[in-house]
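I opened this notebook to record what I looked up in the model, entry by entry.

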Amino acid sequence: MSKDSFGKILIVAVSLCVVCAVVVSSLAVHGMGLWSTMYGYICVKNDDQRTVKGLVYYQHGETAGLGGEVDNPIWRGQFPGKKLFDAQGSYKLQVLKGAGNKLHEHQADGMSGATITTRGVDNML
């Protein structure tokens, strides 16, 4: 199944992020987790359109303590600063299962015990 069948992106707003004091584009994202469609926003810096400033989910039905960790600020906190694209403009952001501390600027660590939700997040981003 292709990545396009899991998630869709729509630029919904260009605004000033009051937390980080930079202009950001908010992109609506949605895709399938284990039990539900997850809905959220990813914000990227306007000046380069490749650096993530934040990720948040506003609706999902994932299992608390497992896939529901998409709400955990500690897990979401690994996304700011990640790069969506490489220097050649190819999309590179990945959410990996079991990656631990061996991550580079295009990778985020998945959630333990939530393989399908982790795949869903990876596919929607």
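How many bridges join β3 to strand β4, and do the two run parallel or antiparallel? I find six bridges between β3 and β4 (residues 52–59), and the two strands run antiparallel; strands count as paired if DSSP finds at least two bridges between them.

Before going further I note that this is a predicted model, in which local features need pLDDT of at least 70 and side-chain atom pairs count only at pLDDT 80 or more, while totals for chains, interfaces and linings use all residues. Residues are numbered from 1 along each chain as its sequence is written, and side-chain values use heavy atoms, with hydrogens and water left out.

Entry on the hairpin. I looked up Tyr 39 and found Gln 59 in β4 as its bridge partner. Six residues lie between the strands of the β3 and β4 hairpin, where Gln 49 takes a positive phi near 55°.

Entry on the overall order. I read two helices and six strands in the chain, both taken as DSSP runs numbered from the N terminus (helices H or I, at least four residues; strands E, at least two). Along the sequence they follow the pattern β-β-β-β-α-β-β-α.

Entry on the core. I note that 38% of the 125 residues in the chain are buried, where buried means under 20% relative accessible area, exposed over 50%, and partly exposed in between (1.4 Å probe, protein chains only). The largest nonpolar core holds 20 residues, of which Ile 42, Trp 75, Phe 79, Val 121 and Leu 125 touch the most other members. At least two residues of this core come from each of β2, β3, β4 and α2 (115–124). Such a core is a set of buried Ala, Val, Leu, Ile, Met, Phe, Trp, Tyr and Cys residues joined through side-chain atoms within 4.5 Å.

Entry on the salt bridge. I found one salt bridge in the structure, in which the side chains of Asp 47 and Lys 45 meet at 3.8 Å, N to O; the criterion is a side-chain nitrogen of Lys or Arg within 4 Å of a carboxyl oxygen of Asp or Glu. Asp 47 is exposed at 64% relative accessible area, whereas Lys 45 is partly exposed at 21%.
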